[in-house]
Amino acid sequence: MKFSKIEFGVGVFMIIGILAAVIMSLKVAGLVLDSSSQTYTVHAKFDNVGSLKLRAPVRIGGVLIGRVENITLDPKDLVPVVDIAIQSQYSDLSSESKASIQTAGIIGEQYISITPGFYDEELGSTYLQDGDYIQDTESAIVLEELISKFLYSSSVSDSADKANTQS
């Protein structure tokens, strides 16, 4: 069987196109093929992580600085512990920083937002190091909990109104 140059060129073009699509899909999904970026890991305890997923973004003011590395349950306190991998170039985060779980849009993905804390050597402030815990955390707001609280408070106030009108 004899192949022409055109058929060979089309085959090479298709292989390059498929590889480009795979690489683009990995980039969009946040998976990177290179492991050249150095990170350090900090931990944060939350009362409720909502639907936070592994590899969820960690942002400061909308800028991506890291990703969620692991979510486990602390066996002693029975609260979720989130391991956060932060890029080493952001090593000057104060230990007074605050971590909160936010939602992108109304029903979008959840991510961790870090609010940098105040750093002052005279007051004994330090920078977050590998293995440190972020002390100030704010849990995820779960839409179902808000709706149930609203419905419960309306039913309680309705029954109180009925009781007041009957007396």
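Author: Here is a walk through the β-sheet, its core and the loops beside the strands.

The model is predicted, so local features are described only at pLDDT of at least 70 and side-chain atom pairs only at pLDDT 80 or more, whereas totals for chains, interfaces and linings use all residues. Residues are numbered from 1 along each chain as its sequence is written, and side-chain values use heavy atoms, with hydrogens and water left out.

The protein contains 2 helices and 8 strands; these are DSSP runs numbered from the N terminus, with helices being H or I of at least four residues and strands E of at least two. Read from the N terminus, the order of elements is α-β-β-β-β-β-β-β-β-α. The 8 strands form an open sheet with mixed pairing, in the order 7-1-4-3-2-6-5-8. Strand 7 (133-134) and strand 8 (136-138) are at the edges with a single partner strand each, so one side of each has no neighbour in the sheet. Two strands count as paired if DSSP finds at least two bridges between them.

Let us look closely at strand 2. This strand (residues 57-60) pairs with strand 3 (residues 63-73) in the antiparallel sense, over 4 bridges. Valine 58 faces glycine 66 of strand 3, and isoleucine 60 has valine 63 as its bridge partner there. The hairpin of strand 2 and strand 3 has 2 residues between the strands, and in this hairpin glycine 61 takes a positive phi near 55 degrees. Strand 2 also runs parallel to strand 6 (residues 110-115), joined by 2 bridges. Arginine 59 has serine 113 of strand 6 as its bridge partner.

Next comes the packing. The largest nonpolar core has 22 residues, and those with the most contacts inside it are Phe46, Leu52, Val82, Ile84, Ile86, Ile112 and Ile134. Such a core is a set of buried Ala, Val, Leu, Ile, Met, Phe, Trp, Tyr and Cys residues joined through side-chain atoms within 4.5 Å. Two or more residues come from each of strand 1 (39-45), strand 2, strand 3, strand 4 (80-87), strand 5 (98-103) and strand 6. Leaving out residues up to four places away in sequence, isoleucine 84 touches Tyr40, Thr41, Val42, Ala44, Val58, Arg67, Ile112 and Ile134; contact here means heavy atoms within 4.5 Å. In the protein as a whole, buried residues make up 25% of the 167 residues, where buried means under 20% relative accessible area, exposed over 50% and partly exposed in between (1.4 Å probe, protein chains only).

The loops complete the picture. Serine 139 is in the loop between strand 8 and helix 2 (143-166). The side chain of serine 139 reaches the backbone nitrogen of aspartate 47 at 2.8 Å, and a polar atom of that side chain lies 3.1 Å from the backbone nitrogen of asparagine 48. A polar contact is a pair of N or O atoms within 3.5 Å; within protein, one must be able to donate a hydrogen and the other to accept it, and residues adjacent in sequence count only if both atoms are side-chain atoms.

Aspartate 74 sits in the loop between strand 3 and strand 4. With 13% relative accessibility, aspartate 74 counts as buried, and its side chain reaches the backbone nitrogen of lysine 76 at 3.1 Å. Glutamine 38, in the loop between helix 1 (5-29) and strand 1, is exposed, with a relative accessible area of 56%. The C-alpha atoms of glutamine 38 and serine 88 are separated by 5.5 Å, although the residues are 50 apart along the chain. Serine 91 belongs to the loop between strand 4 and strand 5 and, at 39% relative accessibility, counts as partly exposed. Tyr40, Tyr127 and Leu128 are the residues that serine 91 touches, not counting those up to four places away in sequence.
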